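The following account leads the reader through one protein chain, from a single residue to the whole. Please keep the structure in view while reading.

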Amino acid sequence: MASIGNAYDDAMELRHLRYFSAVADTLHFGRAARRVHVSQPTLSQQIRQLEEELGAPLFERARSGVRLTQAGELFRTYASRALEDVDAGRVAVGALRGLTTGALRVGYPPSMRGVVLPALAAVLRRHPGLVLSAEEAVVRRVERRLADGRLDVGLGYAPARSPDLEAEPVFDSKLALVVAKGHPLAKLETVGAKPLTQEPFALLSRGLRVRARVDAWFAAIRIAPHVALESNAVATVLATVRAGLAVTVLPEPQLADAAGLAVKRLSPAPRAELAALLWRKGAPRTPAAELFAAEVRGARRPSKR
């Protein structure tokens, strides 16, 4: 008979569930080891311990790759549920402590920087003990990392593309023309298509959602713009415009720092999109994430349609 001490040493632990979940998500022992910050041999050993305790192999290991066995698929459901319960308990305990410590992880696309940064600054002023993490990425990556539990809250668009997320609309994302204050177009209230055929443009890079919206508007009004600069950084685009070297089309909400710039309506008006706070369905919301969301809601409200 095994001693009580040995039985305890062999018992399943939370780390076994986290390691199993990482391999099940990635189907790759190397990537899973990097995700949970252990060496690959250590990860493999822990998975073998778990399989021995359960009495069944959880993964098929072959040259073609790693696959879940039938037992692995079944166990994954229960492991995921257990990890979610542990995370929910951790959040609940953290809520009792208040916001004197803790972290807030926010993801957002570059075009929404002007909304996110003031909201984060307001949160930090009220709770300087928080550790903030702001990740700027394309909306696809924001949604993916939020669904994986690596972000607490995100900003994107409604409806969310991932079925694991819910979108809470907070403001209309409207495209506008941005020019330097000394530019001749700055004198106009609304700018039509014809004057734009003579202007060089600084635009966000292809592959970004905002650029796709801008290109769709140009196509709708049958203009092939002269693109003098492309950049994935909003600050670079605005610096070029501010210097009088080009004009641009960007969503209005990102223009928190409009010094030296004039924002003009476009005619015909581009189609607006609903920008939204993104949440993981069924996941508990941390107090810090709720505080950040309240700041965003207070700053921007969707217009009536």
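**A buried histidine and its surroundings**

His183 counts as buried because its relative accessibility is 13%; buried means under 20% relative accessible area, exposed over 50%, and partly exposed in between, with a 1.4 Å probe and protein chains only. His183 belongs to the loop that runs between strand E7 (175–180) and strand E8 (190–191). Helices (H or I, at least four residues) and strands (E, at least two) are DSSP runs, numbered from the N terminus. Leaving aside residues up to four places away in sequence, His183 touches Glu199 and Val247, where a contact means heavy atoms within 4.5 Å.

The model is predicted, and local features need pLDDT of at least 70, side-chain atom pairs count only at pLDDT 80 or more, and totals for chains, interfaces and linings use all residues. Residues are numbered from 1 along each chain as its sequence is written, and side-chain values use heavy atoms, with hydrogens and water left out.

Val179 has Ala262 in E12 as its bridge partner.

A separate pairing involves strand E1 (residues 59–62) and strand E2 (residues 65–68), which are antiparallel over 4 bridges. E1 and E2 form a hairpin, with 2 residues between them. Glu60 stands opposite Arg67 in E2. Strands of a sheet pair through backbone hydrogen bonds, either parallel or antiparallel.

Ala158 and Pro159 are joined by a cis peptide bond, with omega about 0°; Pro159 is in the loop between strand E5 (153–157) and strand E6 (165–173). Another cis peptide bond, again with omega about 0°, joins Ser267 and Pro268. Pro268 is placed in the loop between strand E12 (261–266) and strand E13 (273–280).

Positive phi values occur as well. Leu27, although not a glycine, has a positive phi of about 50°. Leu27 lies in the loop between helix H2 (14–26) and helix H3 (29–36), and it counts as partly exposed because its relative accessibility is 36%. For Arg222, also a residue other than glycine, phi is near 60°. Arg222 is found in the loop between helix H9 (209–220) and strand E10 (226–231), and its 79% relative accessibility is why it counts as exposed.

Finally, the chain as a whole has 11 helices and 13 strands. Of its 305 residues, 42% count as buried. The average pLDDT is 87, and 90% of the residues score at least 70; pLDDT is the predictor's confidence in each residue, from 0 to 100. Where pLDDT is low, the predicted coordinates should not be read in detail.

Notes: Two strands pair if DSSP finds at least two bridges between them.
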